[in-house]
Amino acid sequence: MSGEQLIYIDGELVPKSEAKISVLDHGLLYGDGVFEGIRCYNGVVFKLKEHIDRLYRSAKVIKLEIPMTKEEIIRAVIETLKANGLKEAYIRLIVTRGIGDLGLDPRKCSRPSVIIIAERLEPILGKIAREKGVKVIVSSVRRDPVYATSHEVKSLNYLNSILAKLEAINANVDDAIMLDSRGYVSEASAANLFIVKDQSLITPPVTAGILPGITRAFVMELARSMNIPVFERDITLVELLTSDEVFLTGTGAEIVPVVMINGIKIGDGVPGKITKLLIEEFDKRKTQPSEGVPII
Ligand SMILES: Cc1ncc(COP(=O)(O)O)c(C=O)c1O
């Protein structure tokens, strides 16, 4: 496709330079809204239905009524990809609370806005990250607890993650791992976390303040199909630092090995065997039509 990128806003595809929302939208004023980050691989929108189900779950908790059906959103995502001639893409699907006044009251907001942005994007932590692994720190910022701004809701409020990311940037490393309010391992700034111990996978449960990631669920399914045992349970900091392998999962990051935490080598300080096997399997399965919704 030549010409300007087209962005979907409330039923219309508009050129990027004209794609705007009001300064009185509560998505901007208060981070009041929900979103999804989705990928399209070789013309198949990976786990699109799962992403849309999560979007509706997030919206339900904040009493945000999405002004479209799930089917209509699926069609709008496909339409946006087609209009931009994209078969490989990162898709950002956003529902804002809509235009209100300067008070918090969401009832004053007339109508939520639905925005879809699709563009090309390399794996978020970089192509070489998956081959060489990344270095991270453990952030001093704790994950928002499940009894507060829980990350079970994928909301437009990402300051908790941004504070951790700023700490990582300041420490000159790639990302930050956050502990939950109790001090157990939670997740990275925008990715879930797995450790490998004695040939088994362990990942923190939802009660540790994580976003229940769609890539996380897929990796658990892949591991089980490869006869690798998977456990969801709390992980202590010492367990994390002494594990055989650590890796992160997310739509943006895909699967990224972690080779150093707080200056301490994980395993041999290179991507581990099980992590590499899972990356291989993930690459094989992610483009299969059965794993998503094909563009037709
Ligand atoms: C805080 C957080 N955790 C985990 C993830 C990974 O979730 P998923 O695999 O659904 O992309 C994300 C993705 O954006 C995230 O923002």
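The model is predicted: local features need pLDDT of at least 70, side-chain atom pairs count only at pLDDT 80 or more, and totals for chains, interfaces and linings use all residues. Residues are numbered from 1 along each chain as its sequence is written. The protein chain has 8 helices and 16 strands. Helices (H or I, at least four residues) and strands (E, at least two) are DSSP runs, numbered from the N terminus.

**Overall shape**
- The protein chain has a radius of gyration of 19 Å, which agrees with the value near 19 Å for a compact globule of 296 residues. This radius is taken over C-alpha atoms, and the globule rule is 2.2 Å times the number of residues to the power 0.38.
- Along the principal axes, the C-alpha atoms fill a box of roughly 55 × 40 × 30 Å.
- Of the 296 residues, 41% count as buried. Buried means 20 or more other C-beta atoms within 10 Å of the residue's own, with C-beta atoms placed from the backbone.

**The sheet and its helices**
- An open sheet holds 7 strands in the order 2-1-6-5-3-4-16, with antiparallel pairing. Strands pair if DSSP finds at least two bridges between them.
- Strand 2 (12-15) and strand 16 (292-294) are the edge strands, each pairing on one side only.
- Strand 3 (residues 33-41) and strand 5 run antiparallel and are joined by 8 bridges. Gly-37 has Arg-92 of strand 5 as its bridge partner.
- Helix 2 (residues 48-61) lies across strand 3, strand 4 (44-46), strand 5 and strand 16. Helix 2 runs at about 175 degrees to strand 3. Axes are lines fitted to C-alpha atoms, for helices over the stretch in contact, and angles run from 0 to 180 degrees between N-to-C directions.

**Thr-96**
- Thr-96 sits in strand 5 (residues 89-96).
- Thr-96 counts as buried because it has 26 C-beta neighbours inside 10 Å.
- Beyond neighbours within four places in sequence, Thr-96 is in contact (C-beta atoms, placed from the backbone, within 7 Å) with residues including Ile-21, Asp-25, Gly-33 and Pro-112.
- Gly-31 is 65 residues from Thr-96 along the chain, and their C-alpha atoms are separated by 8.2 Å.

**The ligand shell**
- The ligand is surrounded by 16 residues, and the closest are Gly-213, Ile-214, Thr-215, Gly-250 and Thr-251.

Conventions:
A residue is buried if 20 or more other C-beta atoms lie within 10 Å of its own, exposed if 12 or fewer, and partly exposed in between; C-beta atoms are placed from the backbone. Two residues are in contact if their C-beta atoms, placed from the backbone, lie within 7 Å. A residue is near a molecule or strand if its C-beta atom, placed from the backbone, lies within 6 Å of it.
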